[in-house]
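Hi everyone, thanks for coming.

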Amino acid sequence: MNAVKPDNIKWGELGFSYIKTDKRYIARWKDGKWDEGKLVSDNTITISEASTVFHYGQSSFEGLKAFKAKDGRVLLFRPDENAKRMNRSADRILMPQIPVDMFVNACKSVINANLDWVPPYGSGASLYLRPFLMGIGDNLGVRPAPEYIFSIFVSPVGPYFKGGLSPVNFIITDMDRAAPQGTGAAKVGGNYAGSLLPNKEAKKQGFADCIYLDPKTHTKIEEVGAANFFGITKDNKFITPISDSILPSITKYSLLYLAKEYLKMETEERDVLVDNIDEFAEAGACGTAAVISPIGGISYKDKLHTFYKNGKEVGPITRKLYDTLTGIQKGDMQGPEGWVFEV
Ligand code: PLP
Ligand code: COI
């Protein structure tokens with residue numbers, strides 16, 4: 001039985017936690033093909049103890065959000081991009097491809113089966129979709145699994161970093177989340193296991209999360225926990241790091257486009273030297289869960305480098321980017337062609 005019911009949720013107070021909703025989608029791959037997939041009520045999965053997901057981390061996940069529009073429609077933000085990224089992750093760790101249509105239709109069907117759980121327009125909350133793909137079946141040696149499960153559950157969520165649009169501080173870690181030619185650009189489970197300890201240490205010191213530097217030289221900013229980094233220079237350029245070991249964030253690429261085409265800013269994907277972080281007047285973390293979280297300050301070598309208004313307020317460009325992105329996501333503003341899917 002569900003502990004939480006949609007009627008009892010205070011939508012404006014939601015954080016980023018799992019809430020069991022009514023239905024989830026599950027499909028199985030065997031002998032080279034996917035079955036039809038179905039919606040089920042049970043939120044547990046029983047699989048072989050010898051599944052590669054348990055031992056060898058053969059798993060990938062995605063995250064995307066659905067929003068209630070003012071007129072009651074439910075809108076899904078760029079699900080085709082998540083499908084394509086999941087397929088790139090699958091390629092990297094030898095899992096089967098999921099046709100983009102199958103992925104998008106599964107997202108729509110799981111939302112339609114949980115409509116009461118889509119947070120109301122204007123609540124600041126959204127419905128988070130968590131697609132995941134994993135190797136199952138009997139197997140012992142280090143090799144790809146004989147069978148796979150693709151599943152999607154949903155959970156209503158609020159902000160990932162406490163504070164929402166209030167700035168939070170981060171600390172540079174000397175641990176790495178990825179190797180130079182490793183799996184950093186793929187959304188695979190193992191990357192996140194490796195991030196648990198640096199995240200715990202950052203939080204213990206009072207920071208929202210850690211910032212990773214490039215694994216080769218430890219001189220360039222790569223990721224902000226489970227989000228990408230962007231900075232706004234003092235002459236108003238939108239800058240975001242470039243590297244093969246960063247997860248290509250759909251939010252980040254959306255912001256690059258919006259900064260250029262909607263806000264008419266200059267944009268650059270280039271190295272961001274940690275020794276030069278004071279080049280930025282504003283900085284932020286961006287991602288599906290994080291949306292846009294303003295960075296108040298970054299602690300590096302025992303010094304806190306702060307951004308807009310000593311890190312106490314969200315800067316004007318960050319706010320404009322936030323308003324533009326979320327305006328498109330909830331249907332208040334016209335987005336670029338093909339970004340918003342009606343459910
Ligand atoms: N970086 C990492 C490591 C992530 O886990 C995520 C979340 O998906 C992101 C960045 C942001 O990516 P996206 O904007 O596609 O959600
Ligand atoms: C997302 O933004 O969807 C993520 O995957 C980040 C995190 C919750 C792992």
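Let's start with a term: a polar contact is a pair of N or O atoms within 3.5 Å; within protein, one must be able to donate a hydrogen and the other to accept it, and residues adjacent in sequence count only if both atoms are side-chain atoms. This is a predicted model, where local features need pLDDT of at least 70, side-chain atom pairs count only at pLDDT 80 or more, and totals for chains, interfaces and linings use all residues. Residues are numbered from 1 along each chain as its sequence is written, chains are lettered from A and ligands numbered from 1 in the order in which they are written, and side-chain values use heavy atoms, with hydrogens and water left out.

Ligand 2 comes up here. Which residue's side chain has an N or O atom 2.7 Å from an oxygen atom of ligand 2? That is K187. On its own, ligand 2 exposes 280 Å², and the protein buries 90% of that (areas by the Shrake-Rupley method with a 1.4 Å probe; for residues, only the protein chains shown count as cover).

Its shell, meaning residues with a heavy atom within 4 Å, includes F16, F61 and Y128. Domain 1 (6-157) and domain 2 (168-329) both contribute to that shell, so ligand 2 lies between them; the bounds come from an automatic or database domain assignment.

Now for ligand 1. It is surrounded by 15 residues, and the closest are R85, Y192, S249, T251 and T288. In the side chain of R85, an N or O atom is 2.7 Å from an oxygen atom of ligand 1. For E223, a polar side-chain atom lies 2.9 Å from a nitrogen atom of the ligand. I250 uses its backbone instead, with an N or O atom 2.8 Å from a ligand 1 oxygen. Of the 380 Å² of accessible area that ligand 1 has on its own, the protein covers 96%.
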